[in-house]
Amino acid sequence: MNKTIRRSAVLTLLLVFALLVRATWVQFYEGTALADDKDNRRNAIATYAAPLGNIVVGGDAVTGSARTESGDLAYKRTYKDGELYAAVTGYASQSYAPTQLEGIYQDLLNGTDTRLKTVLDTLTHERADPGDVITTIDPDVQKAAYEALGDKKGAAVAIDPATGRILAVVSTPSYDPSALTDANTAGAAWKKLTADPDKPLTNRALRQPLPPGSTFKLVVAAAALEDGLYSSVDVRTDSPDPYTLPGTTTELTNENPGAPCENASIRTALQYSCNNVFARMAVKLGQDKVRAMAEKFGFDDTEQDVPVRAYTSVYPTGMDESSTALTGIGQYDVTATPLQMAMVSAAIANDGKLVAPHMVAQITDGGGDVLEDYDARAGTERVVSASTAKQLRSAMETVVEDGTGTNARIDGATVGGKTGTAQHGEKNSKTPYAWFTSYGKAGGKEVAVAVVVEQSDAARSEVSGNGLAAPVAKAAMEAALRD
């Protein structure tokens, strides 16, 4: 063969090989990336070519799909009682990435989840019938907490302590997800929602940790009892009043100067919310022991999925003794979500055992067959001994009967709780956060509820966990315990 022809043939073969490699690369790598690109219009067209699966609350779908009047997107998402359930469902939008359960179960709800496909679907490449998400939310508890919060900025979470089922996830102010579903109107709605200083798109129940204030005293008390620092909630402590923070001249006082807080027992200290007792207790235990107990309850868990990823509740590290003292009253750099504080009460109510909280019971295929049963998978971990839990319950019940949490009393029910008023801002200049974490038991039913009120129309002097948050918790507990 002519040398020139031979070289040309080799070059041609190399070019053909290069084209084959490039075509393979585009087909199997870049093709997938392009298909998954959020800006690929074909994805939106395919997603909204047919009705989506639904999110179900109390046996009824709170989502739906409606035909569009024009454009290449045949359907759009609709919501029933959108503002009530926004913190649960999130939104599925033709213009923006889905959030909350809509986002987590996007593939299930639009029929692309591989578990939905039949053999015929695989052969024909047809999209399968979408599945449904069956939540654990109790519509009565959800509505009660939502209405009780009203126009206050805050959040509430209710949990069944025995099963870990989340019965309510409420965040106010809320928003109507329907405003974001249609591509023709979503832009204006998005601009308005994101510009709102009250941040209605923020899920305050799961994704906004704040200083928990005195509700954190339950964690410190649990650590002290488990460590053997005190043998019971009725043993007197070594707690001067006022208490001078170690290494400083700063005196830590109590909200009620007439309260019997000097050397008070844990029961009395919880009843009157004595800062001196728990600040001193945190120093005596040391930050490592307090942190260890906090982490048993769920603090510092960076992968707290319910299945929505909750923001991490934090117990800080690397502190001096004065800062450790402040963590004993839920201040300094301690932060917690309402979910986290509901978990604290749930574990105490459940004899010291924490069942993994979850707000999805099952997911099903288009025919109603169960694909995953999350109720059956919920794990249980022991946080404190049954004896410690019993003592803490006794003290929490004293708080409600004769202490700072009397607004949570429910006739015919056993209720335990802990109030909290968390200072924040430079030199504590901003309106405090009002907290209440609690449990209620009646007629074989039980529930744990945590509430935070960030802002209300109450005067600063009237902001308290008992005044603002406890009535919300009471409303949710009454709904959960109702026959």
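Me: What makes S5 and S11 a pair of strands in this model?

Reply: The model is a predicted one. Strand S5, residues 132–135, and S11 are joined in the antiparallel sense over 4 bridges. Two strands pair if there are at least two bridges between them, so S5 and S11 are called a pair. Within this pairing, Thr135 stands opposite Val360 in S11.

Me: How do you know that S11 also pairs with S12?

Reply: By the count of bridges again. S11, residues 360–364, and S12 run in the antiparallel sense with 3 bridges between them. The cut-off is at least two bridges, so this counts as a pairing.

Me: What lies between S11 and S12 in their hairpin?

Reply: There are 5 residues between the two strands. One of the residues in the turn, Gly368, has a positive phi of about 90°.

Me: Which strands make up the sheet, and in what order?

Reply: The order is S2-S1-S5-S11-S12, an open sheet of 5 strands with mixed pairing.

Me: Why is one side of S2 and of S12 left without a neighbour in the sheet?

Reply: S2 (60–61) and S12 (370–373) stand at the edges, and each has a single partner strand, so one side of each has no neighbour in the sheet.

Me: What makes S11 a mostly covered strand?

Reply: A residue is buried if its relative accessible area is under 20%. In S11, 4 of the 5 residues are buried, so the strand is described as mostly covered.

Me: How many of the residues in the whole chain count as buried?

Reply: The chain has 483 residues, and 51% of them count as buried.

Me: What else describes the chain as a whole?

Reply: Its secondary structure comes to 18 helices and 16 strands. The C-alpha trace spans about 105 × 60 × 40 Å along its principal axes. Among contacts with a separation of 6 or more, 67% come from residues 24 or more positions apart. The chain carries 46 positive and 60 negative side chains, and the centres of these two sets lie 5 Å apart.

Notes
Residues numbered from 1 in each chain as written. Predicted model: local features only at pLDDT ≥ 70, side-chain atom pairs only at ≥ 80, totals over all residues. Heavy atoms only, no water. Buried < 20%, exposed > 50% of the residue type's maximum accessible area, 1.4 Å probe, protein only. Contact = heavy atoms within 4.5 Å. Lys, Arg positive; Asp, Glu negative; His and termini not counted. Charge placed at Lys NZ, Arg CZ, Asp CG, Glu CD.
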